[in-house]
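Subject: Structure handover

Hello,

Here is the structure you are taking over. Please keep it open while you read the notes below it.

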Number of protein chains: 2
Amino acid sequence: MHEFELIKNYFQKLSKKSPSALNLNDDVFFDKKNRLAVSVDTYVEGNHFIDFQKPELVIKKIIRSSISDLICKGVLPKYYFVSGSGNKKSFSKSNLSKISKSLNREQNRYNILLGGGDTVFSNKLSFTITSIGFSKDIIYRNKGKVNDDIYVSGNLGDSYLGLLVLQKKIKLNNILNKYFTTQYFMPDIKLELANELKNFANTSIDISDGLLADLDKLINNQKLSYKLNLKNIPISNNLKKVLKLKNLSKINFISRGDDYQVLFTASKVKAGIIKRISSRLGVKITKIGIIQNKPLKSLIIDHNNAVITLKNKGYLHKF
Amino acid sequence: MHEFELIKNYFQKLSKKSPSALNLNDDVFFDKKNRLAVSVDTYVEGNHFIDFQKPELVIKKIIRSSISDLICKGVLPKYYFVSGSGNKKSFSKSNLSKISKSLNREQNRYNILLGGGDTVFSNKLSFTITSIGFSKDIIYRNKGKVNDDIYVSGNLGDSYLGLLVLQKKIKLNNILNKYFTTQYFMPDIKLELANELKNFANTSIDISDGLLADLDKLINNQKLSYKLNLKNIPISNNLKKVLKLKNLSKINFISRGDDYQVLFTASKVKAGIIKRISSRLGVKITKIGIIQNKPLKSLIIDHNNAVITLKNKGYLHKF
C-alpha cells in the first residue's frame, strides 16, 4: 500500500473536524488561530539513513530534513523535539556526545532550540523529530495556478550522488567524494527563504522524495499538470563534471530526492521580485518550467524539445 | 545510564536558552507566550507494550498515556500526532482499520483531533505520539511546599495486575481477568481534572513509572521528602479481593507504574475545595501523605506506623 492510500483510507477521516490538519495532505499541520505550524517525521536506520557510523552527520541530516518542511511553507522553525529509540551501542557515551555537539551546531546555525523529546530502548535505531514554528500564515499545497512559473532553490542531485558514493556504487576522487557525501549529510537548506516565500509563491513544497514525485504532490488535488525543461533544472558544477566524466544522464539524477530544496510556483508577474530577492539573499532560485491545464499531460522535455519518459519519479513510501 | 543522567549530561545544555523546555525536567514543554504545551513520547513493542495482537487496545493505551502528560499539568489536550514505524504485518489493512476505529473512539471520548504524523517501514514496531494543548499556564514540577498534602486521583495497581495477567504470571477468573486487562489497556485517565487542578494543586505529575518513582521526580530539585500512609493509598475493590485471595501484599502493587493517575500536592487549606470538586466531578481524589523537609527521609509507613522498606520504586528507564 502506498502511503497516500494509507492516509486516505484510514486516517483522513480522523482529521476531518480539524481544518488545521489540512486533510493530512500537506507537509505540515497549521493551526491559524494559534499561529502554530508542526511537522512530524520519523527516520529509521537502513531506510532513511544507511547506518549510524557517523552519528554527528546523521543527526544533522534528519534535523535539516525536518525543519525543511517548515521552511518551505514560509515558517521559521523555532523548536524541535527529538525522540530517539536505540540500543546501548547507538546511544553510547561517545555517540551521545557527538549527537549533542552536532545538535548544538545546528541550533546555532538555524536558530532553533531543543524543546524536549524522549529516549527509549530498542534494538532498531530510529528518530522522530517534531519541529514547531509560529507564523500568521503559511503557503499551502494545491494553490498553483495555470501558467505559473515553476521554481526550485539551490541545486538538485548532489545528495543522491553522495548516497551512491556512500553505497560504493560509484567511485570518485577524494575531493568529489567529500563534496557529495557532505551534500548528502548536510543538505544546504534555505532558511533565508522562509520569511520571503510569501512575497511571491502561490504554493510550495520541499523536495524530499524527488523533484517529480514532489511536484505531483504539490498539485495532487488540482486539475493541473506541469512542463519542465530538463536543461533548466539546476545542478552543481561538480555534478556536471561527474556526469561528463562517467557518461551519465542528467535525467537520472534530478528526481531522486533528499534534496531539501524549496519547490514553488509563482505568477509570471513575480519574476522580477524573485530575481531581486534571490540576488539580495544570495540564494540561487531557478525557473524550471510552467504549470499547465489538464488534459495536457505532465512532461519533461530535453534540449531538443523531445519528451523524456521516466521510469522512476522518485521515492514512493510503500508498505 | 539512567534516562535522567542522559538528559543531564547530553541534552540539558541544548535547552538552556529555551525556558519553555523547563530544563528538560518536567513532563511537558510549555511556551507561555504562545500558550503552547507539548508532550512527546515513544512506545516500543516488547518494552512499552507486550505485542500487537490487539492493535485497537495498544493504540488506546498509548494515546491515553500521552495525553495524560498534558492533563496532569492542567492542560486540555487538543491535537495529537501519530508517527508509526512498522512492517506490512503490523500495518495490515485489518490492523489499520482497527487502529483507525480505535483512534476515532478516543477522539470522541477525549475531544482530541488527529493533527498529522508519519508512517514508515521498520521491522521493529514503535509509535511516537506528540500531544499538544493550549493553556495560559501549567502546573510545574518542583513547586511542592513543606506540609503540603499529597493526593492521587483514581486507584493504583490495577494496570500492573492486568500486566501480570497478560504475562500469564497470575491466574484469575474470567471476570477479574477482563477487569484488570481492561485497566491495563484503557487507563481511566481523568480529563475532567485538567481544568480544575490549577484551583488547588501546587505541583503535579502523572503516574507512569510508579507512585514512588514519580513522587521522587516531582520533588527532584527540592530539599523535600515525603511521608506516605500505605493504608490510605487507594486501590480498587477488585484489587483488594485479589490481594486477599492470593495472599499478596498491597505494597508490591501500588508503585509499579502505568497507572496514569494524577499525583499532586496541595496546601492544607485546599482540603475543602478538593473534596467539593472531587464530589462534583465524580472523580476519586485521595490524600495519601504529606510533604516534609529534608533531612527527614522519604518514607512509607504501614498501619502500625512501621516504616516499610521497598526494593522497587517503580520503572527506571535505563540504557
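Leaving aside residues up to four places away in sequence, B:Tyr43 touches B:His48, B:Phe49, B:Ile62, B:Ser126 and B:Phe127. Two residues are in contact if their C-beta atoms, placed from the backbone, lie within 7 Å. B:Tyr43 is part of strand S2 of chain B. Helices (H or I, at least four residues) and strands (E, at least two) are DSSP runs, numbered from the N terminus. B:Tyr43 counts as buried because it has 23 C-beta neighbours inside 10 Å; a residue is buried with 20 or more other C-beta atoms within 10 Å of its own, exposed with 12 or fewer, and partly exposed in between. The C-alpha atom of B:Tyr43 is separated by 30 Å from that of B:Asn202, which is 159 residues away along the chain.

This is a predicted model, in which local features need pLDDT of at least 70 and side-chain atom pairs count only at pLDDT 80 or more, while totals for chains, interfaces and linings use all residues. Residues are numbered from 1 along each chain as its sequence is written, and chains are lettered from A and ligands numbered from 1 in the order in which they are written.

Next, the two chains together. In chain B, 49 residues are in contact with 50 residues of chain A. The elements of chain B that give two or more residues to this side include H1, strand S3 (77–86) and strand S5 (126–134). S4(B) gives the largest share, 9 residues. By type, the side of chain B that touches chain A has 22 nonpolar, 21 polar and 6 charged residues. Here Ala, Val, Leu, Ile, Met, Phe, Trp, Tyr, Cys and Pro count as nonpolar, Asp, Glu, Lys and Arg as charged, and the others, Gly among them, as polar.

One helix pair spans the chains. The axes of helix H3 (residues 93–110) of chain A and helix H1 (residues 3–11) of chain B come within 9 Å and cross at roughly 45°. H3(A) and H1(B) are therefore oblique to each other (under 35 degrees is roughly parallel, over 145 roughly antiparallel, 65 to 115 roughly perpendicular and the rest oblique). H3(A) contributes A:Leu96, A:Ser97, A:Ile99 and A:Ser100 to the contact, and H1(B) contributes B:Leu6, B:Tyr10 and B:Phe11. Of these residues, 5 are nonpolar, 2 polar and none charged.

Finally, the symmetry. Chain B is superposed on chain A by a rotation of 180° with 0.0 Å of shift along its axis (RMSD 0.0 Å). The two copies are thus related as by a two-fold rotation axis.

Regards

How values were computed. Axes fitted to C-alpha atoms, helices over the stretch in contact; angles between N-to-C directions. Least-squares fit on C-alpha atoms with pLDDT ≥ 70 in both.
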